[in-house]
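Look over the sequence and the model first.

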Amino acid sequence: MDQRRTLEETTQLQQQIVSRAQLLAAGFDDNHMCRQTKRGIWQRVLPATYALVSGTLTDEQRRIAAALYAGPDAQLTGLTALSWYGFRQAPRTSDVHLVVPHRARRRSTGHVVITRALALDEQARRTRLYPVCSPARSVVDAARRMRQIRPVRAIVTEAIQREFTDLISLDEEITRARRSSTALVRRAFAEVVAGARSAPEAELRQCLAASRVLPEIHWNPQLRTTDGSVLPTPDGYLDDAAVALEVDSREFHFSPEDWARTLRRHNELGRHGILVLHFTPAHIRGMAEQVRRTVEDTYRSRRGLGASVGVVVSPAR
C-alpha cells in the first residue's frame, strides 16, 4: 500500500507520466504494463516510459516523458528550452531537445532528440522534474541546428531585447561551442553587438549594405536639434538627406498599446523636417530590391537637405 501511495504521489507530480522502474517499484510487472497498454488504458510514450492516461499528451507531459527516458543528467535545451522560457520568435517544434553527458548511452527516439556534450550547462535552471539549460546555452544550441539566418537572428535579438540573457553570457556560450556549426549564430551575435535591435532591422541593414549609392547609415542614432533638444531615435538615419528609416512591426518592436505613441514619435521627426520611410518585416524580406531602390531614390532626391533641418547626430547608443 505504501508503494502504491508513493506511486500516486509520483504520478500526480509527474502529470501521469512514469517510468518502468517506478512502476516496478510500486509492484506492477511487465505483463500488467503490457495489458494496460493493449487495452488503451495506458500508453507507452517512449522506451520504458508510460503515460497512465489515454489521449494526446500536453507539451509538459512530453517534456517529462523525455526527461524520464533520457535520465537524471539530461538537460532540456535548444528550441524546447526556448519555448519553456517563453520566447515568442523561436520556431515551434514537436520534438523535445535534450543534452546529455558524452558517456550516456541514450539515443534519439520518438519525439526525443538527444545531443551528447563533453560538458553540461553549469548555469542550468533546476525545476522539480528536469533541469533546463540557461537561455544563453539554449539559444546557441538551437542556432547550431538551424540552417537559415532569419530564425537565428530572431532568437538572438529576442534573447537580448527581452533580457533573457546578456551579451557576455551569449558570447561565452558561442566561444564554448567553438566553430562547431556556429557560423550563423556568430553572424547574428555580431549584428546585435553592432546595434541591431530586432531581426527585421538586421535584415534591413543587410539589404541596404549592398547599395552602391547610399553613404554610411547611422543606425539607432541619438538625434538632437541645434538647440540641444533630444529627438526620437529612428532605426536608421541618412544625415545628409535628413531621411529616417523605420521598421514598423507590432510583432518585433511594439505592443498594441505602444502603437499610438509610436506614431506620435514618427510625427515628431517629421515636424523637424525629417522624412520617415516605413518598412514592414514582410516588405524587407519579400521585396528587398524594391526597399533598397526606394531608399536610394529618396536619398538622391533629398541629398544635401540635411544641413537645413537643424538636426545633428550624436554617437550611436
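How many bridges join strand β10 to β15? Four bridges join β10 (residues 222-225) to β15, and the two strands run antiparallel. The model is predicted: local features need pLDDT of at least 70, side-chain atom pairs count only at pLDDT 80 or more, and totals for chains, interfaces and linings use all residues. Residues are numbered from 1 along each chain as its sequence is written, and side-chain values use heavy atoms, without hydrogens and water.

**Sheet**
- Strands (E, at least two residues) and helices (H or I, at least four) are DSSP runs, numbered from the N terminus.
- Two strands pair if DSSP finds at least two bridges between them.
- Three strands form an open sheet in the order β11-β10-β15, with antiparallel pairing.
- Its edge strands, β11 (230-231) and β15 (311-314), each pair on one side only.
- Opposite L223 stands V313 in β15.

**Helix pair**
- The axes (lines fitted to C-alpha atoms over the stretch in contact, with angles from 0 to 180 degrees between N-to-C directions) of α7 (residues 149-161) and α10 (residues 199-209) come within 8 Å and cross at roughly 130°.
- α7 and α10 are therefore oblique to each other (under 35 degrees is roughly parallel, over 145 roughly antiparallel, 65 to 115 roughly perpendicular, and the rest oblique).
- Contact (heavy atoms within 4.5 Å) involves R150, R153, A154 and T157 of α7 and A199, A202, E203 and Q206 of α10.

**Cysteines**
- The whole structure has zero disulfides (pairs of cysteine sulfur atoms within 2.5 Å).
- C207 counts as buried because its relative accessibility is 6%, whereas C34, at 36%, counts as partly exposed.
- Buried means under 20% relative accessible area, exposed over 50%, and partly exposed in between (1.4 Å probe, protein chains only).
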